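Here's a quick tour for anyone meeting this fold for the first time. Have a look at the picture, then read on.

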Amino acid sequence: MQPVIGITTRPRAITSAAGDSHAHTLERTYFDAVVRAGGIPMLLGPVPQQAVATVLDRVDGLVITGGGDIEPHRYGGVANDELYDMSGARDEFEIEIAHEVAGLRFPTLAVCRGLQLLNVAFGGTLIEDIPTEVGTAHRATGPRVYDGHQHVRLTPGCRVAEVVGSDDLMVNTIHHQSVRDLAPGFTAVGWADDGIIEAIQHDDPEWPLLAVQWHPEYLSDVEDAASWALFDALVAAAASRSLV
């Protein structure tokens with residue numbers, strides 16, 4: 001039986017028959033990557049805190065997606081003009097779901113903002129804007145999102161390295177924020193050449209969590225083997241859980 005993979009959505013304004021509308025959206029690359037790996041995607045929009053456990057009862061694995069910044073007051077950050085697409089409802093939903101999946105040791109793939117969200121949910125902080133503070137650029141656009149143009153070094157033997165079969169990767173980079181201080185219980189296991197954290201893992205070896213700052217859903221679209229391996233591992237862990 002194919003496992004059901006919940007994928008968190010991103011609030012965006014769209015144009016509909018009624019004119020400008022608010023919608024819960026998802027890049028098709030996430031959907032396609034889960035389907036290719038053998039999972040059944042289910043889109044998850046924000047629900048009240050008390051309903052999160054019920055949502056997780058309906059799925060076997062989870063993707064916490066990228067896109068949009070986390071409200072800075074949630075990690076003691078400072079607002080600036082570079083912050084964009086913030087949503088209090090999304091933050092609250094995903095923070096609650098982060099705590100639930102950690103307690104359940106739920107198969108989880110956290111991508112870009114998803115990695116940052118996990119860090120914030122458990123008490124970590126973020127660099128509000130990398131170009132301003134560090135002086136380097138990580139926010140590619142256009143065709144470059146499908147291209148492995150940034151070097152990432154992984155800790156040998158870490159969960160991500162074991163899944164992708166290498167501790168040296170070329171990935172894409174589509175973000176302007178990153179982890180500053182790690183939350184208790186998490187360890188950095190991947191770095192860009194400028195020192196920006198690119199992968200983290202939880203200290204609980206029984207939690208099948210993969211958390212990366214890059215976007216494997218785009219690279220999966222161009223048949224990148226490491227990106228395929230990340231989604232394959234998520235779906236495999238979800239399939240095993242669904243059998244229990």
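## The sheet

Two strands pair if DSSP finds at least two bridges between them; strands themselves are DSSP runs (E, at least two residues), and helices are H or I runs of at least four, numbered from the N terminus. This is a predicted model, so local features need pLDDT of at least 70 and side-chain atom pairs 80 or more, while totals for chains, interfaces and linings use all residues. Residues count from 1 along each chain as its sequence is written, and side-chain values use heavy atoms, without hydrogens or water.

Nine strands make an open sheet with mixed pairing, ordered β4-β1-β5-β6-β13-β12-β11-β8-β9. At the edges sit β4 and β9 (168-171), each pairing on one side only. Strand β8 (residues 150-154) runs antiparallel to β9, joined by four bridges, and His151 stands opposite Met170 in β9.

## A buried glutamate

Which strand holds Glu198? That's β12 (residues 197-202). Glu198 is buried (under 20% relative accessible area; exposed is over 50%, partly exposed in between, with a 1.4 Å probe and protein chains only).

## A glycine in a loop

Gly39 lies in the loop between α1 (28-36) and β4 (40-44). Gly39 counts as buried because its relative accessibility is 5%.

Definitions and conventions:
Lys, Arg positive; Asp, Glu negative; His and termini not counted. Salt bridge = Lys/Arg side-chain N within 4 Å of Asp/Glu carboxyl O.
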